[in-house]
Amino acid sequence: VDHGSWHFLARYGYEDRDTFSAWVGWILEAGRTATVSFTPMVGLAVGRTDAVAPGFELEFDWGGLTVYNESELVHALDGSGSYFYSWGNVSFRFADWFQPGATVQRLRIFESDRTVDRGLSLTSEFGRLSASLYGYNPFNSERFYQVGLQWAF
């Protein structure tokens, strides 16, 4: 939810299974033809993982091109399970209903190997509703898919 320059976010099962997180941030925007939006945030996670998580969202739009990144450092309060997460997407809007792109996410659980997943995305918008499909590692046995639905109000 965005209200003025404030950005509020709540989600479940994102930082870990059975974990709820709540976020607050301040939106900084610049540009007219090409626009940049930067939102530094801080979050609190409770559940299977209890953590404090500073992070940010960054978006660049120019014509039909959109570059987006969301990153966070989840610092587990008990000292275990902390990690850095970054998710990005580059897409081009040919039409509201057809916005193909490329996506990448990077995870690194402390004291373990880094995981990088690459893939393709497709977003379609229908009025206030948008639907996204992400396919990661589509050409190997570790492939997985993610579906997103968003309602603007």
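A residue counts as buried under 20% relative accessible area, as exposed over 50%, and as partly exposed in between. In this predicted model, tryptophan 6 has 41% relative accessibility and therefore counts as partly exposed. The chain has 12 strands and 0 helices. Of its 153 residues, 32% count as buried.

**Overall build**

- From the N terminus on, the elements run β-β-β-β-β-β-β-β-β-β-β-β.
- The radius of gyration is 16 Å, close to the 15 Å that the globule rule gives for 153 residues, so the chain is as compact as a globular protein of that length.
- Along its principal axes, the C-alpha trace spans about 45 × 45 × 25 Å.
- Among contacts with a separation of 6 or more, 28% come from residues 24 or more positions apart.
- The chain exposes about 9900 Å², and carbon and sulfur atoms supply 61% of that area.

**Nonpolar core**

- The largest nonpolar core has 12 residues, including Trp23, Met41, Val74, Trp87 and Tyr134.
- Alanines are part of this core too, among them Ala45, Ala51 and Ala53.
- Strands β5 (34-47), β6 (51-62), β7 (65-76), β8 and β11 each supply at least two residues of this core.
- Strand β8 gives the most to this core, with 3 residues.

**Aromatic pairs and a charge over a ring**

- A search of the whole structure finds 10 aromatic pairs.
- Tryptophan 26 counts as partly exposed because its relative accessibility is 39%, a value between the cut-offs of 20% and 50%.
- Tryptophan 87 and tyrosine 134 form another edge-to-face pair, with 5.5 Å centre to centre and 80 degrees between the planes.
- Tryptophan 87 lies in strand β8 (residues 83-92) and tyrosine 134 in strand β11 (residues 129-136), so their pair ties together parts that are 47 residues apart in sequence.
- Both tryptophan 87 and tyrosine 134 are buried, and both belong to the largest nonpolar core.
- Phe92, Phe94, Trp97 and Phe98 are linked into a cluster by ring pairs.
- The charged end of arginine 11 sits over the ring of tyrosine 14, at 3.8 Å from the ring centre.

**Serine 37**

- Serine 37 is placed in strand β5.
- Serine 37 counts as buried because its relative accessibility is 19%, and the cut-off for buried is under 20%.
- Leaving out residues up to four places away in sequence, serine 37 touches Ile27, Leu28, Glu29, Glu57, Leu58 and Glu59.

**Alanine 30**

- Alanine 30 is placed in strand β4 (residues 28-30).
- With 48% relative accessibility, alanine 30 counts as partly exposed, since exposed means over 50%.
- Apart from neighbours within four places in sequence, alanine 30 is in contact with Thr35 and Val36.
- Alanine 30 and phenylalanine 60 are 30 residues apart in sequence, and their C-alpha atoms are 9.8 Å apart in space.

Technical notes
Residues numbered from 1 in each chain as written. Predicted model: local features only at pLDDT ≥ 70, side-chain atom pairs only at ≥ 80, totals over all residues. Heavy atoms only, no water. Phe/Tyr/Trp six-rings, centres within 6.5 Å; stacked < 30°, edge-to-face > 60°. Buried < 20%, exposed > 50% of the residue type's maximum accessible area, 1.4 Å probe, protein only. Helix = DSSP H or I, 4+ residues; strand = E, 2+ residues; numbered from the N terminus. Lys NZ or Arg CZ within 6 Å of the ring centre and 35° of its normal. Rg over C-alpha atoms; globule rule 2.2 N^0.38 Å. Contact = heavy atoms within 4.5 Å. Areas by Shrake-Rupley, 256 points an atom, 1.4 Å probe, with all protein chains shown as cover. Core = buried A, V, L, I, M, F, W, Y, C linked by side-chain atoms within 4.5 Å.
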